[in-house]
Amino acid sequence: MPDAAPPAPAKPEADILSALGTRSIVLVGMMGAGKSTIGRRLAARLRLPFVDADTEIEAAARMTIPEIFERHGEPHFRDGEARVIARLLDGGPIVLATGGGAFMREETRARIAAKAVSIWLKADPDVIMRRVRRRADRPLLQTADPEATVTRLLGEREPVYRKADLTIASRDVPHDRIVEECVETLHAHLCGQAATEPPSDVASAAR
Ligand code: S3P
């Protein structure tokens with residue numbers, strides 16, 4: 001008789017999806033941390049819809065973010081941002097990339113804690129500076145010294161970003177590697193074991 005087929009490899013994606021239920025995965029962190037880039041790939045990997053909160057805010061306001069800041073000011077933008085994120089979290093599960101300031105609002109953090117698993121994409125200041133320099137569409141960085149602004153914002157925000165459920169170091173390595181780390185860390189958090197850990201019988205057979 002042929003040997004029995006080896007056990008099917010564990011599918012961390014399926015485990016993550018069933019543990020999530022209607023909860024979403026929310027990426028938080030500074031401008032330039034890679035929330036949209038990683039979020040889009042993570043969503044594809046999990047076969048969940050990807051939503052970018054900034055894009056949704058722009059669609060709801062029929063204006064770009066710089067226009068919202070210019071015409072109505074930051075407090076108005078923040079109110080709209082909180083409303084849009086609340087609405088999106090009611091329609092989960094999705095992978096949601098939030099703007100860098102969204103997690104600073106306590107009400108939004110509470111909603112995210114209730115309806116999602118949050119991942120802080122933590123990037124070093126030099127990585128952030130290198131990335132944000134490429135685009136001029138971030139009103140908060142239209143200052144005489146954007147580098148000093150990033151340093152100040154990081155000082156204010158990192159203690160709050162740290163409250164996210166999970167932290168992944170965002171750095172200049174292939175995006176798929178960061179996505180893989182997100183999948184492994186989500187699996188460990190939601191399902192109680194590392195996603196790549198082989199079943200014990202496979203591990204002992206390999207020894
Ligand atoms: C902001 C970050 C931006 C955008 C807005 C304000 C912030 O989003 O929401 O310009 O306060 O850090 P990204 O983090 O996607 O750049």
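Modeller: Happy to! Let's begin with helix 3 and helix 5, which lie roughly perpendicular to each other. Please keep in mind that this is a predicted model. Helix 3 covers residues 53–61 and helix 5 covers residues 74–90, and their axes cross at roughly 110°. That angle falls in the 65 to 115 degree range, so the pair counts as roughly perpendicular. The two axes come within 9 Å, and the crossing of helix 3 with helix 5 is right-handed.

If you want to find the contact by eye, look on helix 3 for A53, D54, E56 and I57. Their partners on helix 5 are F77, E81, V84, I85, R87 and L88. Sorted by class, the residues in this contact comprise 6 nonpolar and 4 charged, with no polar ones.

Now stay on helix 5 and turn to its other neighbour in this account, helix 6, which spans residues 106–115. Here the axes are 10 Å apart and the packing angle is about 10°. Because an angle under 35 degrees counts as roughly parallel, helix 5 is roughly parallel to helix 6. From helix 5, the contact draws on A82, I85, A86, L89 and D90, while helix 6 brings T108, R111, I112 and K115. This contact has 5 nonpolar, 1 polar and 3 charged residues.

T108 sits in helix 6 and has a relative accessibility of 3%. Buried means under 20%, so T108 counts as buried. Leaving aside residues up to four places away in sequence, T108 touches A82, I85 and A102.

For another pairing, move to helix 2 (residues 35–46) and helix 9 (residues 175–191). Their axes come within 9 Å and cross at roughly 60°, which makes helix 2 oblique to helix 9. This crossing is right-handed. On helix 2, the contact involves T37, I38, R41, L42 and R45. Helix 9 answers with H175, D176, I178, V179, E180, C182, V183 and L186. The classes here are 7 nonpolar, 2 polar and 4 charged residues.

Helix 2 also holds L46, which is buried with a relative accessible area of 1%. Setting aside residues up to four places away in sequence, L46 touches E13, I16, L17 and I25. L46 and I16 are 30 residues apart in sequence, yet their C-alpha atoms are 8.3 Å apart in space.

To place these details in the whole chain, the secondary structure comes to 10 helices and 5 strands. The chain has 207 residues, and 42% of them count as buried. Looking at contacts between residues at least 6 apart in sequence, 72% join residues at least 24 apart. Finally, the accessible surface of the chain is about 11100 Å², with 52% of that belonging to carbon and sulfur atoms.

Key. Residues are numbered from 1 along each chain as its sequence is written. This is a predicted model: local features need pLDDT of at least 70, side-chain atom pairs count only at pLDDT 80 or more; totals for chains, interfaces and linings use all residues. Side-chain values use heavy atoms; hydrogens and water are left out. Axes are lines fitted to C-alpha atoms, for helices over the stretch in contact, and angles run from 0 to 180 degrees between N-to-C directions. Helices (H or I, at least four residues) and strands (E, at least two) are DSSP runs, numbered from the N terminus. Angles under 35 degrees count as roughly parallel, over 145 as roughly antiparallel, 65 to 115 as roughly perpendicular and the rest as oblique. A crossing is left-handed if the near helix is turned anticlockwise from the far one by less than a right angle, and right-handed if clockwise. Contact means heavy atoms within 4.5 Å. Ala, Val, Leu, Ile, Met, Phe, Trp, Tyr, Cys and Pro count as nonpolar, Asp, Glu, Lys and Arg as charged, and the others, Gly among them, as polar. Buried means under 20% relative accessible area, exposed over 50%, partly exposed in between (1.4 Å probe, protein chains only). Accessible areas come from the Shrake-Rupley method with a 1.4 Å probe; for residues, only the protein chains shown count as cover.
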